[in-house]
Amino acid sequence: MSALGHTSQRRPNRLLAFLGRAFARPSFVIGFAIIACSILLALCPQVFAPYDPLAFDMTAIQQPPSLAHPFGTDNFGRDVLSRVIWAYRVDMQMALLATIFALTIGVTAGAFVGYYGGIADTIFGRCVDAIITFPFLVLVIAIVAVLGPGLVNMYIAITMVNWVYYARLTRAEIMTQKANDYAAAGRVLGFSDRRIIFRHLLPNAISPVIVYWMTDMALAILLGSSLGYLGLGAQPPAAEWGVLISEGRNFLLTAWWMSLMPGVAIVLTGLGFSLLGDALADLLRAKGR
Amino acid sequence: MPSLSYLVARLLQIIPTFLLVMVFIFLLVRMLPGDPAIAMAEAKATDAQVVQIRRNLGLDQPLPVQFMVFVKNTLSGDLGRSIMMKAPVSEVILSRLPTTIFLSLYAVALAVLLAGPLAFLAAMRANTTTDVVIRGVFQVGLSMPVFYIGLVLLTVLAAQLRWFPVGGYGTTFLGNLHHLMLPALSVALYTSAIIVRNLRASLIEVLDADYVQFARAKGLTPRIVMTRHVLRNALVSTVTLLGLSIGNLMSGTLVTETVFAIPGVGRLMLEAIFARDYPLIQGLTLTFAVMVSVVFLLTDVVQSLLDPRLRKS
Amino acid sequence: MKRFLPLLLGAALGFGAATSALAIERGGSMTFARYDDSTVIDPVWADRNPDLWMITSLYETLLRNGADGAIEPGLAESYAVAGDGKSISLKLRDGLKFSDGSAITGDDVVFSLDRARNPDGPWGGLLGSVEKVTAEGGKVTLSLKQPDPTIPSILATFNTGIVSKAAFEKASGSNDQEKAKAYFDNNPVTSGPFTMKSRVAGSSMSFARNPNYWRAGEDGKSLPYLDGVDFVVIPDDATRILKLQAGEVDVAEFIPFARVGELSGDASLKMELFPSTRIIYAPINTRDTRKDGSKNPLADLKVRQALNYATDKNMLIKLVTFDTGKPMTSLMSAATQLHYGPEPLYPYNPEKAKQLLAEAGADGGLDITFTTLAGSADDATLFTALQQMWAPLGVNLKVEQVDNPTRGAKNRNGEFDIHTYGWANDVNDPAQVTGWLGYYKQRQAVGTGWNNQEFNTLFEASNSEVDPAKRKDEYKRMQEIYAAEAPLLFLYETPFAVAVSKSLENYVQTPLGANDFSEAWRAK
């Protein structure tokens, strides 16, 4: 009990110190800024989008970028900028929801099999191998086809495959941590297994998972876009970057802005997550030393 | 070298994995809405004809019976007959596999050539402008959907500048290198972006590590420190990463082969799914599983060759 | 007995006059970029368009479809239907040869037609009325169970292409289907304008000129003009067009309509819009209840008519087909034989739609699901536009994107409200499309569950009606009933959009979709 009280008291200071170090790094600052702006756009696109993203304007079909339409218009005369902005809502949601459940399930499963080992670990190992030997996209396509297309089913499909990667990562970390003295100490003190895993081992094992999570969110957007391109992700007329790109790909030469602008948004957001991830990796490594 | 018993143990582990894969894919394809009879008859078959096609394909049998037939045939090396291609599955796959393997190896080679030196540069000059630019450029590769990169490469380098042919593949080795340059590049951009990220990080870590500092302090020349310690460690992590990304690579070929009109197994898989060609999907999945398992095994072997510490575990 | 000579002469003269400005040139080859590969180009077992549309390049039929839909002579120089309509006799030309130089005989014809009658094959039903096929020298007789006015059209359809009995029987395989595959894979002996030279599955294929082909070209020597046709498979639309623009191929098929305008402006290309029998329509579930047991508002005729009136076809044609399409005037395309449709069906009339919905008591809002093909840009556009058009009527249209087999399964299980669909005739006769779209016993009227007694009776009668005038009347009545009953959302007809290099002349895609290279030639 006393150990716990001790850490919770010290946490705010450590967090502040950590943030101080973080904001001293340009890559963290840039990454943070990009993601913060993205979240803002996702939360209230109506504030920033100049037009209704779904409104047709048959008098302004495929207009090149101009002052009235900074990103041009599409084949229905819809404002591309507004559609890209509204897509933030779908894509940021995708980044979060397609990964967060995989992370939770994966970390929990990985922590348990890593700690207990034995037969559970063996069964886990074979399941992981079986899932990993499947081509990822094929599996997701098949699951989406079974469940029916749409965002929720896409999250389920991605989660069903993706948790494995978190689980593997956590398992390896837990196994390393388990050998450390404090885990043994916890057992000697008679702490429950759950307490040892969640209070002692996991906090020390979680940093590579967090770093991977950042990358994974960028990958989730990319994967969601690929599925949107195949018609298995977000459903029209909703705006989603992958859907926007695929809508524009028939007009690559005549209306390049239709596919380029959402492409830029994907790259920028991906860059944000990666910079954050890299910066966190550096910071956590430095802290670990 | 890894011991023989280790290799045997690894090979034995593959058996339950394969059984799981077989059960899994068998059930998965049958859960897909629609069936081969409908897909095949999508055009113009009457309801009566669809029933007839189902009977001819044995789809009217109970699932356990169908599964036993599948397992029995697979174990005796018979993957069945592709419904869509109207030919034995093994024949269809074998005719397409070399192209995909060639494309994948080509992409890996390009990725390593591209990412290796640049990752070194970025690590040596960590947190300088050079570093930021290198990482930024590769980040673009990581964030662009393959179908978009492919289309842009085709439009600019093939159709406009005519440096490369638009899609297809060659008949000779050199012809293939030329034809498959763009598809390999578009897959490689993604893979190399991952390599750069991780290689850079692990290089920075190694460069900071005590034993490298110690080696430097001992007065070893930078070149020796580099080759003996840094390079070897960096290689271990790169090989591990490449091994792990084989699944991603395979998924990448799915889209790439369609965009670039390459008759490989990736595109075949996509077509097989859309045709609900059960035997072909099953056969392809097992092929993928074999390939990925082989790559994992090779990764293990190479790892233990490079890093003696890993041999014990 | 019908004699074809004057007709043929007239056609040749007309043709000559039309192209007199350009003298044809022989030799050379062309490269054709296609969207999918052929797997088995066999008259009997082919079941996918990439196979079907190539069959007549390899296998000649006894009769041929003329330019204006009339039946013209093929390997048979004439045909005659018996007075009771229960037998048809044909006379083969003299001196016909297969590509290997062996003679095309009555035995080959009997063999080919007997294969084509196999009820297990996807097209066996087309010859369902045939009882027996016999040959005496060059005279072939088909005995029928009952009169069948479609037989001459079927004898001009790919499934009755003539294969060499001797060569086919040598092919390995335990049944006809396996033999067909083996025959196709090993440089088959052919009767059409071309032979198979080589093929790399999934990637490319080459046809070589068949020197023994019977038809003569404009210069009096035998067709085809080209020495060969090379095919490359490029499934991606954008890549296929790039390949053409880079000058690596001469023809790219299935140009997305969105690109037609741009390619029309390309000086090095001809943007061809070949007239077709292709229709784009949306079956409406007309059953009283939906699959989940809830009440189906679309069972009400007035609701179906209202939705048809609420659909601005001209706007759809502009948005989806970029003004290359035209509105439907009947259940079948205007290019189909016996088509009846004086004007576009259900011209856009939102007022009338509103009124019909009110009469049906459905003006309080409707929830309808529109099932589309995942990844299809056309379907996505169609949905987006319909959603906007129908919203003012209180129709809340939701989209459900599925892949092709899923859509097929939903159609066959009646598990849909409205979904997209397309069709192109395979046979130059209205019975195929009419049976598919409207006859309940065949496909539950394209899955709509629409079961109209009068229509069904008319259809059955027309299938054995030997009097052309009576058959025409029956078809007129069927088309009127179908239009009024609206089991479909009538959308539009589209052409086959094909981009062709300027140096290539006379490549044709027929209204039935078949690729015709027999009279193509290349200017040097």
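## Close-up views of a predicted three-chain model

**View 1. A helical span of chain B.** Residues 280-302 of chain B are 100% helix and 0% strand, with 33 Å between the end C-alpha atoms. The model shown here and in the other views is predicted. In an unreviewed UniProt entry, residues 280-302 are listed as a "transmembrane region", along with 7-29, 101-124, 136-157, 177-196 and 230-250 of chain B. One of these, the span 136-157, is 91% helix and 0% strand, and its end C-alpha atoms are 22 Å apart.

**View 2. Chain B as a whole.** Chain B contains 14 helices and two strands. Chain B has 313 residues, and 47% of them count as buried. Among contacts in chain B with a separation of 6 or more, 71% are between residues 24 or more positions apart.

**View 3. The two domains of chain B.** The domain assignment divides chain B into domain 1, residues 4-89, and domain 2, residues 98-310. Their centres, taken over C-alpha atoms, are 32 Å apart. Across the boundary, 21 residues of domain 1 of chain B are in contact with 17 residues of domain 2 of chain B. On the domain 1 side, α1 (4-31), α2 (36-40) and β1 (81-82) of chain B each supply at least two residues. The largest share of that side, seven residues, comes from α1(B). By residue type, the domain 1 side has 15 nonpolar, three polar and three charged residues.

**View 4. Where chain B touches chain A.** Here 35 residues of chain B are in contact with 33 residues of chain A. Seven helices of chain B each supply at least two residues to the chain B side: α1, α6 (129-143), α7 (146-160), α9 (181-208), α12 (246-259), α13 (265-274) and α14 (278-306). Helix α1(B) gives the most, with seven residues. The chain B side of this contact is made up of 24 nonpolar residues, 10 polar residues and one charged residue.

**View 5. Where chain B touches chain C.** In this view, 36 residues of chain B are in contact with 31 residues of chain C. The elements of chain B that give two or more residues to this side are α2, α3 (47-57), α5 (89-124), α7 and α12. Helix α7(B) provides the largest share, five residues. The chain B side that touches chain C divides into 20 nonpolar, nine polar and seven charged residues.

**View 6. Strand β5 of chain C and its two faces.** Strand β5(C) covers residues 87-92. One face of the strand, with I88(C), L90(C) and L92(C), is covered, while the other, with S87(C), S89(C) and K91(C), is uncovered. In a regular strand, side chains alternate between the two faces of the sheet. An annotation in an unreviewed UniProt entry, "domain: Solute-binding protein family", covers residues 71-439 of chain C. That span is 30% helix and 22% strand, and its end C-alpha atoms lie 26 Å apart.

**View 7. The strands paired with β5 of chain C.** Strand β4(C), residues 76-81, pairs with β5(C) in the antiparallel sense over five bridges. One bridge partner pair is A76(C) and L92(C). The hairpin of β4(C) and β5(C) has five residues between the strands, and G85(C) there takes a positive phi near 75°. Strand β7(C), residues 139-144, also runs antiparallel to β5(C), and five bridges join the two. In this pairing K91(C) stands opposite K139(C) of β7(C).

**View 8. The largest nonpolar core.** The largest nonpolar core has 340 residues. The members that touch the most other members are V140(A), I158(A), V196(B), V251(C) and Y281(C). Helix α4 of chain A, residues 80-116, gives the most to this core, with 20 residues. The core also draws at least three residues from each of domain 1 and domain 2 of chain B. Leaving out residues up to four places away in sequence, Y281(C) touches M328(C), Y421(C), L488(C), L489(C), F490(C) and L491(C).

Methods:
Residues are numbered from 1 along each chain as its sequence is written. Chains are lettered from A and ligands numbered from 1 in the order in which they are written. This is a predicted model: local features need pLDDT of at least 70, side-chain atom pairs count only at pLDDT 80 or more; totals for chains, interfaces and linings use all residues. UniProt positions are given in the numbering used here, feature names are shortened, and annotations may be inferred rather than shown by experiment. Helices (H or I, at least four residues) and strands (E, at least two) are DSSP runs, numbered from the N terminus. Domain bounds come from an automatic or database domain assignment. Two residues are in contact if their C-beta atoms, placed from the backbone, lie within 7 Å. Ala, Val, Leu, Ile, Met, Phe, Trp, Tyr, Cys and Pro count as nonpolar, Asp, Glu, Lys and Arg as charged, and the others, Gly among them, as polar. A residue is buried if 20 or more other C-beta atoms lie within 10 Å of its own, exposed if 12 or fewer, and partly exposed in between; C-beta atoms are placed from the backbone. Two strands pair if DSSP finds at least two bridges between them. A nonpolar core is a set of buried Ala, Val, Leu, Ile, Met, Phe, Trp, Tyr and Cys residues joined through C-beta atoms within 7 Å.
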